[in-house]
Amino acid sequence: MDGRRDDRALLERIALYRHRRELPPIQPALIEELAEWLATHGTDPLTYVCELFERHQVVFVGHHTPTRRAGLFLQDLIAAAYRSGVSIVAMEYACVDDQARLDAVVTGTTFDEQLAREALLRWGIRHNFAYREYLDVLRAVWEVNHRFVVSGPPMRVLGLDYDLDLDAVTDTADLRTSYAWPHLRNRGPVSAHMCDVLLTEVIEPGHRALVLTRTAHAMTRARRVPHQVWDAIDAEVVGGYVVGAANRVYEVVADRAVTVLIHEPLPADGELCDYALVADGALDATFAMHPDLAVPLAFDVDRGPTARLVCKTSLDREPLGTLASGWIYLEPDYQRRAPTPLPEPVPAVHVEHARRYALDPELRDRKSTPNDFAAAVSESAAAAELAWTQVL
């Protein structure tokens with residue numbers, strides 16, 4: 001791959017993106033100011049996140065679309081976080097109903113991959129989310145306990161979501177529509193539930209926690225405008241804004257909780273497409289025009305010139321410093337690769353349970369097969385890899 005050629009293509013794409021939205025070209029002075037600041041203040045992402053625990057009790061790391069590189073980064077982050085005094089990894093990608101399985105996986109004499117899969121199946125099949133890189137986050141926690149914990153309590157993985165009340169709907173219901181969710185969420189909004197788990201298991205006992213969620217639940221200070229697709233179901237909307245788990249935690253503990261987002265397109269209003277370039281392309285252009293900048297790179301977005309970057313084309317139209325305190329630029333969009341689908345994500349022995357957990361009525365059908373579930377996961381992986389190409 002010719003990086004310089006790809007960078008030029010990216011710059012052309014940014015210029016066309018801005019032109020279609022009647023935005024002026026990015027000023028060279030802004031690019032140079034950003035490049036100088038990033039070179040001076042940017043740091044290694046693992047170091048950046050871990051240093052946040054010197055000032056914060058809970059660090060939310062969020063990204064909307066799973067990718068191979070993001071999954072690998074989260075794996076690497078586990079051991080670094082443990083060395084920084086983090087004792088809990090809390091995950092939106094697992095349910096409290098499977099907490100016993102999660103505890104058994106990360107404390108076992110050997111890593112039981114089948115049990116790990118079972119621990120993630122309830123949430124994963126709901127979202128066609130069954131990827132090697134994210135399963136191996138559990139393996140990374142097990143390795144910490146196996147290699148580094150000599151005495152004292154082991155590092156835990158905490159499930160944050162909860163099982164749906166599937167008895168409240170028919171077996172063939174399409175759970176991708178909004179009508180069913182007030183019945184499915186019989187324990188209340190997931191944002192409130194996730195917050196309660198974090199308050200009980202992390203905040204009140206005084207632990208430090210790394211919290212891995214989708215962007216929707218990672219924002220502490222910002223409240224998002226609802227997206228017509230992403231927030232159509234299973235979203236708590238109050239006063240015209242989405243309330244996520246981190247919003248609720250922040251209401252209780254304020255700056256003891258902090259948000260870091262992994263760089264990826266932001267939600268748009270759908271008029272031209274569902275995605276918007278971060279800062280209308282200014283960050284991507286800076287990295288493309290300055291290949292000397294280290295990548296991956298983490299940096300503050302609540303101070304310096306990055307705090308002033310506004311995404312006028314996004315749904316929220318907020319400065320980056322409102323959306324998060326920190327930003328992690330793992331790779332340019334054209335390098336994004338799909339996460340690796342697990343082979344046979346639903347074995348035949350679990351297919352009946354998977355039908356129950358799925359949202360898609362075709363997967364919920366009694367005729368669905370393990371191959372149907374494998375195809376759905378593969379399609380989701382492909383969509384994740386190609387999401388950036390939908391920024392038109």
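Guide: In this predicted model, helices are DSSP runs of H or I with at least four residues, strands are runs of E with at least two, and both are numbered from the N terminus.

Visitor: With that settled, where is H263 placed?

Guide: H263 sits in a loop, with β7 (257-262) on one side and β8 (266-267) on the other.

Visitor: Is H263 buried or exposed there?

Guide: H263 has a relative accessible area of 7%. The cut-off for buried is under 20%, so H263 is buried.

Visitor: Which side chain makes a polar contact with H263?

Guide: That of D284; the polar contact between the two side chains is 3.1 Å. Apart from neighbours within four places in sequence, H263 also touches V278, L283, W327, I328 and Y329.

Visitor: D284 belongs to α11, I see. How many residues of α11 are buried?

Guide: Seven of the eight, so α11 is largely enclosed by the rest of the structure. The buried residues are A282, L283, D284, A285, T286, F287 and A288.

Visitor: At what angle does α11 pack with α2?

Guide: The angle between α2 (residues 28-41) and α11 (residues 282-289) is about 75 degrees, and the axes are 9 Å apart. The two helices are therefore roughly perpendicular to each other.

Visitor: Which residues make that contact?

Guide: From α2 come L30, I31, L34, A35 and L38, and from α11 come A282, L283, A285, T286, F287 and M289. Of the residues in this contact, ten are nonpolar, one is polar and none is charged.

Visitor: Staying with the β8 region, where is L266 found, and what is its relative accessible area?

Guide: L266 is in strand β8. Its relative accessible area is 8%, so L266 counts as buried. Leaving out neighbours within four places in sequence, L266 contacts D274, Y275, A276, V278, C311, S314 and L323.

Visitor: How far apart are L266 and D316?

Guide: They are 50 residues apart in sequence, and their C-alpha atoms are 8.9 Å apart in space.

Visitor: A new topic: how many aromatic pairs does the structure hold?

Guide: There are ten. One of them joins Y93 and W123 in an edge-to-face arrangement, with 5.6 Å from centre to centre and 70 degrees between the planes. Y93 lies in strand β2 and W123 in helix α6 (residues 113-126), so this pair ties together parts that are 30 residues apart in sequence. Both residues are buried.

Visitor: What is the geometry of the pair formed by F129 and Y134?

Guide: That pair is edge-to-face as well, at 5.1 Å centre to centre and 65 degrees between the planes. F129 and Y134 are both buried.

Visitor: Which residues do ring pairs link into a cluster?

Guide: The cluster consists of Y93, W123, F129, Y131 and Y134.

Visitor: E92 is in strand β2 too. What is E92 in contact with?

Guide: Beyond its neighbours within four places in sequence, E92 contacts W123, L160, D161, M194, L212, T213, R214 and H217. E92 is buried, at 1% relative accessibility.

Visitor: Turning to helix α3, which of its residues are buried?

Guide: Helix α3 (residues 45-52) has P45, Y48, V49, C50 and L52 buried. These residues pack against several elements, including β1 (58-62), α4 (68-83), β4 (209-213) and β7.

Visitor: What does D44 do at the start of α3?

Guide: A side-chain oxygen of D44 comes within 3.2 Å of the backbone nitrogen of L46.

Visitor: Now the backbone: which residues does a cis peptide bond join?

Guide: V295 and P296, with omega at about 5 degrees. P296 is in the loop between α11 and β10. For context, most peptide bonds are trans, and most residues other than glycine have a negative phi.

Visitor: What is the phi of E22, and what is that of N128?

Guide: E22 has a positive phi of about 60 degrees, and phi of N128 is near 50 degrees. Neither residue is a glycine.

Visitor: Where are these two placed?

Guide: E22 is in the loop between α1 (3-20) and α2, while N128 is in the loop between α6 and α7 (132-147).

Visitor: And is each one buried or exposed?

Guide: E22 is exposed, with a relative accessible area of 75%, whereas N128 is buried at 19%.

Notes: Residues numbered from 1 in each chain as written. Predicted model: local features only at pLDDT ≥ 70, side-chain atom pairs only at ≥ 80, totals over all residues. Heavy atoms only, no water. Axes fitted to C-alpha atoms, helices over the stretch in contact; angles between N-to-C directions. Parallel < 35°, antiparallel > 145°, perpendicular 65-115°, else oblique. Contact = heavy atoms within 4.5 Å. Nonpolar A, V, L, I, M, F, W, Y, C, P; charged D, E, K, R; others polar. Buried < 20%, exposed > 50% of the residue type's maximum accessible area, 1.4 Å probe, protein only. Polar contact = N/O pair within 3.5 Å; in protein donor to acceptor, adjacent residues only side chain to side chain. Phe/Tyr/Trp six-rings, centres within 6.5 Å; stacked < 30°, edge-to-face > 60°.
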